[in-house]
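Work through the exercises below with the structure at hand. Each task is followed by a solution in steps.

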Amino acid sequence: MDPAPFPVQRLRRLRRTPALRRLVAEARLGIDDLIAPLFVREGIDTPVPIASMPEQSQHTIESLVVEAKRLVSLGIPGLILFGVPSLRDATGTEAYNPGGIVQRALRALRDAVGDQLVLMTDLCLDEYTDHGHCGVLGVDGAVLNDPTIELYGRIAVAQAEAGSDVVAPSGMMDGQVAAIRAALDGAGYDQVAILAYAAKYASALYGPFRDAVDVSIVGGGDRRAYQQDPHNRREALSEIAQDLSEGADMIMVKPAMTSLDVLSAARRSVRVPLAAYHVSGEYAMVHAAAAAGWIDGPAVALEQLVALKRAGADFILTYFAAAVAEQLSG
Ligand code: PBG
């Protein structure tokens, strides 16, 4: 007797028309999923384009406000702000100066857009130190953990006082979330949330960002003694669990496309909102290949962001936010 024919499942039936495909889509990317990273620089009077990040600029406070209003009109729910100060010193004083560039920009943004945008702030020291590291240095040149998180607490309070809704610590110091939560609560900012860059890898994909904030690490150093080693996935889950136990409200995985496994594992292990950061190098690669005529840039951008949703991200920090919002509503 002949064996029963192998049962071929007719999976192509549901791929036949755009409407069918739309109906059965498992992951969806919407404008509500997008957070736009923006840069504000002190001491300039016109925006400065960032060469390695086409269509992105270091903003003046005025041009930042214009861009924020554009994000509102596109329906994007939030932005994350990075500052480029005129003055840098050993302990990154401008990061926690109430009159520092990010603090001034936050006040202007709040005046202009009210609560129409979630205002997030990157919370770190590397843009503010003269050595370019994310913390203060000991005599041997290593980043000191506990003195650094004490300063992170001060930055958190300065950003909260200026109107940040969500502070996002990105320095990868141990205990940073607990220190920031305690500082915020102690100053009466118990409603300010923490988005922890919980699993942040030491990545070469942050290259263009260093142009965006004019940071180079002294002596050609790197961040491998505090950011995570890309070989490790279980360790990322320890970082995430630790940040949650310290009081993180939301967690982030970064960079994005090289961390799909981490995102997917994180999605299964946590209930809080999960973010992915599609970083500067990921943005630059898409633009560069598109400019050479080798790929369809907007299509690749969309494909990558959808993959992040499929892997489990709730929202995505991406320099493509405005462009993709236009695509999605167009
Ligand atoms: C640290 C910080 C960095 C990025 C976000 N926050 C730089 C770094 O860790 O070296 C990178 C973001 C990107 O590449 O888009 N303040």
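Contact here means heavy atoms within 4.5 Å. The model is a predicted one.

**Exercise 1. Helices H10 and H11**

Solution. 
Step 1. H10 spans residues 297-311 and H11 spans residues 321-329; their axes come within 11 Å and cross at roughly 95 degrees.

**Exercise 2. Helices H2 and H3**

Task: Describe the crossing of H2 and H3, then list the residues that make the contact.

Solution. 
Step 1. Two packed helices are described by the angle between their axes and the distance between the axes.
Step 2. For H2 (residues 61-74) and H3, the axes come within 10 Å, and the crossing angle is roughly 45 degrees.
Step 3. This angle makes H2 oblique to H3.
Step 4. The crossing in which H2 passes H3 is right-handed.
Step 5. H2 contributes Ile61, Leu64, Val65, Ala68, Lys69 and Val72 to the contact, while H3 contributes Ile101, Arg104, Ala105, Ala108, Leu109, Ala112 and Val113.
Step 6. By class, the contact of H2 with H3 has 11 nonpolar residues, 2 charged residues and no polar ones.

**Exercise 3. Helices H3 and H4**

Solution. 
Step 1. H3 passes H4 in a crossing that is right-handed.
Step 2. Val102, Gln103, Leu106 and Arg107 of H3 make the contact with Ala158, Gln159 and Glu161 of H4.
Step 3. The contact of H3 with H4 comprises 3 nonpolar, 2 polar and 2 charged residues.

**Exercise 4. The largest pocket**

Task: Which residues line the largest pocket, and what is its volume?

Solution. 
Step 1. The lining consists of Pro18, Arg21, Arg22, Ala25, Ala27 and Arg28.
Step 2. By class, the lining of the largest pocket has 3 nonpolar residues, 3 charged residues and no polar ones.
Step 3. The volume of the largest pocket is about 270 Å³.

**Exercise 5. The cavities**

Task: How many cavities of 30 Å³ or more are there, and which residues line them?

Solution. 
Step 1. The count is 2 cavities of 30 Å³ or more.
Step 2. The largest cavity holds about 140 Å³ of space.
Step 3. Its lining has 19 residues, and Asp126, Lys200, Tyr206, Phe209 and Lys254 lie nearest its centre.
Step 4. Strand E7 (193-200) and helix H6 (207-212) are the elements that give two or more residues to the lining of the largest cavity.
Step 5. That lining divides into 9 nonpolar, 3 polar and 7 charged residues.
Step 6. The second largest cavity has a volume of about 50 Å³.
Step 7. Met172, Met173, Asp174, Gly175, Gln176, Tyr197, Glu239, Gln242, Asp243 and Glu246 form the lining of the second largest cavity.
Step 8. Helix H7 (residues 234-245) gives the largest share of this lining, 3 residues.
Step 9. By class, the lining of the second largest cavity has 3 nonpolar, 3 polar and 4 charged residues.

**Exercise 6. Two backbone features**

Task: State whether the peptide bond from lysine 254 to proline 255 is cis or trans, and whether the phi of methionine 172 is positive or negative.

Solution. 
Step 1. Most residues other than glycine have a negative phi, and most peptide bonds are trans.
Step 2. The bond from lysine 254 to proline 255 is cis, with omega near -10 degrees.
Step 3. Proline 255 is in the loop between strand E8 (250-254) and helix H8 (260-269).
Step 4. Methionine 172 is not a glycine, yet its phi is positive, about 60 degrees.
Step 5. Methionine 172 lies in the loop between strand E6 (166-169) and helix H5 (176-186).

Methods
Residues are numbered from 1 along each chain as its sequence is written. This is a predicted model: local features need pLDDT of at least 70, side-chain atom pairs count only at pLDDT 80 or more; totals for chains, interfaces and linings use all residues. Side-chain values use heavy atoms; hydrogens and water are left out. A crossing is left-handed if the near helix is turned anticlockwise from the far one by less than a right angle, and right-handed if clockwise. Helices (H or I, at least four residues) and strands (E, at least two) are DSSP runs, numbered from the N terminus. Ala, Val, Leu, Ile, Met, Phe, Trp, Tyr, Cys and Pro count as nonpolar, Asp, Glu, Lys and Arg as charged, and the others, Gly among them, as polar. On a 1 Å grid over the protein atoms alone, a cavity is a set of points where a 1.4 Å probe fits but cannot get out, and a pocket is an open set with protein on both sides within 12 Å along at least five of seven lines; lining residues have an atom within 4 Å of a point. Grid points are joined across faces, edges and corners, and a volume is the space filled by probe spheres set on the points. Axes are lines fitted to C-alpha atoms, for helices over the stretch in contact, and angles run from 0 to 180 degrees between N-to-C directions. Angles under 35 degrees count as roughly parallel, over 145 as roughly antiparallel, 65 to 115 as roughly perpendicular and the rest as oblique.
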